[in-house]
Amino acid sequence: GVKRFPVMYNDFVLIGPKSDPAGIKGSKDIAAALKAIKGKSAPFISRGDKSGTHSAELNLWKVAGIDIAGAGKGPWYKEIGQGMGAALNTASAANAYVLTDRGTWLSFKNRGDLDIVVEGDNKLFNQYGVMLVNPAKHPHVKKAEGQAFIDWLVSPEGQKAIAAYKVGGEQLF
């Protein structure tokens, strides 16, 4: 990329069964919540797909002091290698915990017995940005069109359109 421009943000939320076997509902401390999930061996579903959300999840485990890629992983932790919708569906079917962005959660209809259990920690901040692919390295890139899109996203008009996007009356970004 040439230069990264911040565009919008939302947050991640930890979703879990309403029965809350890890006893974390209402917490604003994601690290403590993840420690409790591991401590209770409560089921946790991971996207396991190398996406931005998966990377954020892995970082949060590190912040909690848990080596989830190594010795910290147990049978309670399942990587499905799929997207957010599949991870939420799997968590719903298994009454498991899962990390998702708030926008996806608000749009998700198959909630089953799941609810938001942890939100509000600054570590759950989820920023989105945009970058033009470097035309010096990739001459086939449509530089003018890409830059026009970036310019619109960061313009007052683009920011107003993003801010106005709502699901169920809730602002997503």
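Predicted model: local features only at pLDDT ≥ 70, side-chain atom pairs only at ≥ 80, totals over all residues.
Q: Over how many bridges do strand 1 and strand 5 pair?
A: Residues are numbered from 1 along each chain as its sequence is written, and side-chain values use heavy atoms, with hydrogens and water left out. Helices (H or I, at least four residues) and strands (E, at least two) are DSSP runs numbered from the N terminus, and two strands pair if DSSP finds at least two bridges between them. Strand 1 and strand 5 pair in the antiparallel sense, and the bridge count is 4.

Q: Which residue stands opposite proline 17 in strand 5?
A: Strand 1 and strand 5 are an antiparallel pair. Look across from proline 17 into strand 5 and you land on leucine 114.

Q: How many bridges join strand 1 to strand 6?
A: Strand 6 covers residues 125-131 and runs antiparallel to strand 1. Asparagine 10 faces asparagine 126 of strand 6. The tally of bridges joining strand 1 to strand 6 is 7.

Q: Why does tryptophan 61 count as buried, and at what relative accessible area?
A: Tryptophan 61 sits in helix 2, residues 52-63. The classes go by relative accessible area (1.4 Å probe, protein chains only): buried is under 20%, exposed is over 50%, and partly exposed is in between. Tryptophan 61 is therefore buried, because its relative accessible area is 0%.

Q: Which residues is tryptophan 61 in contact with, leaving aside its neighbours within four places in sequence?
A: Contact here just means heavy atoms within 4.5 Å. Isoleucine 45 is 16 residues from tryptophan 61 along the chain, with 13 Å between their C-alpha atoms. With those sequence neighbours set aside, tryptophan 61 contacts Leu34, Ile37, Phe44, Ile66, Ile68, Trp76 and Tyr77.

Q: What angle lies between the planes of tryptophan 61 and tyrosine 77?
A: Rings of Phe, Tyr and Trp (its six-membered ring) pair if their centres lie within 6.5 Å; planes under 30 degrees apart are stacked, over 60 edge-to-face, and the rest tilted. That rule gives 8 aromatic pairs. Tryptophan 61 and tyrosine 77 make an edge-to-face pair, with 5.9 Å centre to centre and a plane angle of 80 degrees.

Q: Which residues form one aromatic cluster?
A: Tyrosine 77 is buried, because its relative accessibility is 5%. Tyrosine 77 belongs to a cluster whose members are Phe44, Trp61, Trp76 and Tyr77.

Q: What is the length of the polar contact that joins the side chains of aspartate 11 and arginine 102?
A: Aspartate 11 is found in strand 1 and is buried, because its relative accessible area is 19%. A polar contact is a pair of N or O atoms within 3.5 Å; within protein, one must be able to donate a hydrogen and the other to accept it, and residues adjacent in sequence count only if both atoms are side-chain atoms. Between the side chains of aspartate 11 and arginine 102, that contact spans 2.7 Å.

Q: What is the phi of serine 41, about?
A: Serine 41 lies in the loop between helix 1 and strand 2, and is partly exposed, because its relative accessible area is 43%. Although serine 41 is not a glycine, its phi is positive, at about 50 degrees.
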